[in-house]
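Hi,

Here is the model I said I would pass on.

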Amino acid sequence: MEILNAYCLELDQIVDPLEARNAYFSQTDKSLRFNFYCSDENCRIKLIGANIYKPEEAVKRQPYFKTKSENPHKDICKYHDSNTKDSKKKNTKKHGIDPVKEHIYPSVLILDRPETVIKIDKSIKNNEIKDEILKEKISVATKKYNKSNHSETIYLEKVVNYYEVNPKCEFLLKIGDTTHQYKNWFKRILYFEDGKDFIFWDFIRKIKKYGNNYSIELQSKCLKDKLSFFIYLKQEVIENYRLKRDIIGRLEYLIDLIDNKKDLNNKERAICYFVKTYPELSTQPFNRYDIPIDNLYHFVIKSIETKK
Ligand SMILES: [Zn+2]
């Protein structure tokens, strides 16, 4: 069974894998590693966070939590196999989604930039923490977690990750004042004239670096005038982004991927998603469409495996 969340000792809260990765990339100490524990206070086994710490892993695969093979969940734990057998029955699925995971799908994307800085306590040593103190910490964190609303997110990436696994999902997602079914939110950029309230996406043809700015050329061209679409990520926008280590790492990885493979018909392809921004016909001398990105929380860049 997928482990939906874990207790993180350094953050002293229950986090999902994406939140853990974003907390890591929001600070400058690359050597920091988190200690994760099963969020069932009666289990408390140590968990491993996968695809959390390296941008090149983060860009290719979604992060997740797993158990150490020699250290499975305790019998009493909600994640123990004997307690989750119903979740494995195929006929319990609705819209292709496992019902036990339904409660975590994001139903609201909050567009405001997050104000709060993520607190990380590096003074706690996991080998010194007493078991009863850990149990108490998990218990307190769980109560706090249960009070908060997990269907809201500030991360477009969380929405994108959910959509990629469930592309035909009919659940509702609200962004700003607009609500659509998940499957209807996503639109390839060449159909941008259908309207502004979509999460647009396209494959990436080329990424070029100009100083500390990046220019991204998309693969599609406008259906009407055959002009190309470009995204220009300015240095100051990247500098103001709390997860700038993550975005720079992804861009550098994807530049390497595209430059070294040349042919984008390979299985792994660069892709980007963006919301609340819209192509603008550029002024001369460029004959193209520019897509302004002022808020990197509304922009996701990654690689995906395609069947081609
Ligand atoms: Zn457990």
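**What I found**

Let me start with a pair of residues: L173 has H180 in strand 9 as its bridge partner. Next to that, K174 is bridged to T179, also in strand 9. Strands here are DSSP E runs of at least two residues and helices are H or I runs of at least four, numbered from the N terminus. Before going on, note that this is a predicted model: local features need pLDDT of at least 70 and side-chain atom pairs 80 or more, while totals for chains, interfaces and linings use all residues. Numbering runs from 1 along each chain as its sequence is written.

Back to those two strands. Strand 8 (residues 172–175) and strand 9 run antiparallel and are joined by four bridges; strands count as paired when DSSP finds at least two bridges between them. Two residues sit between the strands of this hairpin, and G176 has a positive phi near 60° there.

Zooming out, the protein chain has seven helices and 17 strands. Of its 308 residues, 31% are buried (20 or more other C-beta atoms within 10 Å; exposed is 12 or fewer, partly exposed is in between, with C-beta atoms placed from the backbone). Looking at contacts with a separation of 6 or more, 63% link residues 24 or more positions apart; a contact means C-beta atoms, again placed from the backbone, within 7 Å.

Helix 4 (residues 156–165) is worth a look: seven of its ten residues are buried, so the rest of the structure largely encloses it.

Leaving out residues up to four places away in sequence, C8 is in contact with Q13, V15, A20, F34 and F36.

Two last spots. K187 belongs to strand 10 (residues 186–188) and is partly exposed, with 16 other C-beta atoms within 10 Å. Beyond four places in sequence, K187 touches D194, F198 and F200. D202 is 15 residues from K187 along the chain, with 8.6 Å between their C-alpha atoms.

P292 is in strand 16 (residues 289–292) and is partly exposed too, having 14 C-beta neighbours inside 10 Å. Outside four places in sequence, P292 contacts T277 and E280. P279 is 13 residues from P292 in sequence and 7.4 Å away, C-alpha to C-alpha.

Cheers

Notes. Two residues are in contact if their C-beta atoms, placed from the backbone, lie within 7 Å.
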